[in-house]
Amino acid sequence: AMARVRQRMTQLRAAGALTVQFRDVECRANVHRIRFLVTKGAQLVTGLDARQIVVWNGPDLVEEFSASPHKGAVSYYQVAYEGPLSPTHLVKVQVYAASGVGEDTGFEMAFD
């Protein structure tokens with residue numbers, strides 16, 4: 001099983017790089033929201049779901065989160081999860097799609 005996972009990861013990486021760009025990262029109480037764009041070249045990447053996204057709250061993997069696309073003048077994705085602020089105040093999103101892989105890291109902005 002692990003050999004199949006490694007083979008699939010190699011295939012995804014060979015598809016090329018995606019650009020993951022945070023729009024904002026906010027935390028209100030224990031609810032975190034990360035809004036981000038995913039592009040390949042100048043094209044938006046659409047159709048992603050939670051199975052293609054990995055979220056890190058500092059050094060910790062976020063095991064439960066929701067992911068949803070938002071369409072508008074600028075389409076973006078939003079990830080939401082519950083938990084304490086990261087000890088480093090950093091969060092990271094990784095995207096693994098058939099069109100490639102990419103990631104971005106950003107600082108949490110805490111709001112009361």
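Reader: In the hairpin of β1 and β2, which residue takes a positive phi?

Author: This is a predicted model. The hairpin has two residues between its strands. The one with a positive phi, near 60°, is alanine 29.

Reader: How many bridges join β1 to β2, and in which sense do the strands run?

Author: Strands of a sheet pair through backbone hydrogen bonds, either parallel or antiparallel. β1 and β2 run antiparallel. The number of bridges that join β1 to β2 is nine.

Reader: What joins the side chains of arginine 35 and aspartate 24?

Author: Arginine 35 lies in strand β2 (residues 31-40) and aspartate 24 in strand β1 (residues 19-28), eleven residues apart. Their side chains meet with an N to O distance of 2.5 Å. A salt bridge needs the nitrogen within 4 Å of the carboxyl oxygen, so this pair qualifies. The contact is a salt bridge.

Reader: Is arginine 35 buried or exposed?

Author: The relative accessible area of arginine 35 is 15%. Buried means under 20%, so this value falls in that class. Arginine 35 is buried.

Reader: And what is the class of aspartate 24?

Author: Aspartate 24 has a relative accessible area of 31%. Aspartate 24 is partly exposed.

Reader: Which residues are linked with Arg35 in a network of salt bridges?

Author: Arginine 35 forms a salt bridge with aspartate 24. Glutamate 26 also forms one with arginine 35, with the closest N and O atoms 3.5 Å apart, and both glutamate 26 and arginine 35 are buried. The residues linked with Arg35 in the network are Asp24, Glu26 and Arg28.

Reader: How many salt bridges does a search of the whole structure find?

Author: Among them is the bridge between arginine 35 and aspartate 24. Another joins aspartate 49 and arginine 51, with the closest N and O atoms 2.5 Å apart. Of that pair, aspartate 49 counts as partly exposed at 25% relative accessibility, while arginine 51 counts as exposed at 76%. The search finds four.

Reader: With which strand does β2 pair over six bridges?

Author: The pairing is antiparallel. In that strand, the bridge partner of arginine 35 is glutamine 78. The strand covers residues 76-82 and is β7.

Reader: In the hairpin of β2 and β3, which residue takes a positive phi?

Author: β2 and β3 (residues 43-44) run antiparallel and are joined by two bridges. In β3, the bridge partner of lysine 40 is glutamine 43. There are two residues between the strands, and the one with a positive phi, near 65°, is glycine 41.

Reader: How many residues of β2 are buried?

Author: β2 has ten residues and is mostly covered. One of the buried residues is arginine 35, with a relative accessible area of 15%.

Reader: Which element gives the largest share of the largest nonpolar core?

Author: This core has 19 residues, and those with the most contacts inside it are Ile34, Phe36, Val38 and Val95. The elements giving two or more residues are β1, β2, β4, β7 and β8. Phenylalanine 36 is in contact with Val20, Phe22, Ile53, Val79 and Val95, among others. The largest share, four residues, comes from β8.

Reader: Which strands stand at the edges of the open sheet of four strands?

Author: The order in this sheet is β5-β4-β8-β9, with antiparallel pairing. Each edge strand has a single partner, so one side of each is left without a neighbour in the sheet. The edge strands are β5 and β9 (100-107).

Reader: Which residue stands opposite isoleucine 53 in β8?

Author: β4 and strand β8 (residues 90-97) run antiparallel and are joined by five bridges. The residue in β8 opposite isoleucine 53 is valine 95.

Reader: Which side chain does a polar contact join to that of glutamine 94?

Author: Glutamine 94 is in strand β8. It is buried, with a relative accessible area of 11%. Among the residues that glutamine 94 touches are Gln52, Val54 and Gly102. The polar contact, of 2.9 Å, joins glutamine 94 to tryptophan 56.

Notes. Residues are numbered from 1 along each chain as its sequence is written. This is a predicted model: local features need pLDDT of at least 70, side-chain atom pairs count only at pLDDT 80 or more; totals for chains, interfaces and linings use all residues. Side-chain values use heavy atoms; hydrogens and water are left out. Buried means under 20% relative accessible area, exposed over 50%, partly exposed in between (1.4 Å probe, protein chains only). Two strands pair if DSSP finds at least two bridges between them. A polar contact is a pair of N or O atoms within 3.5 Å; within protein, one must be able to donate a hydrogen and the other to accept it, and residues adjacent in sequence count only if both atoms are side-chain atoms. Contact means heavy atoms within 4.5 Å. A nonpolar core is a set of buried Ala, Val, Leu, Ile, Met, Phe, Trp, Tyr and Cys residues joined through side-chain atoms within 4.5 Å. Lists of a residue's contacts leave out its neighbours within four places in sequence.
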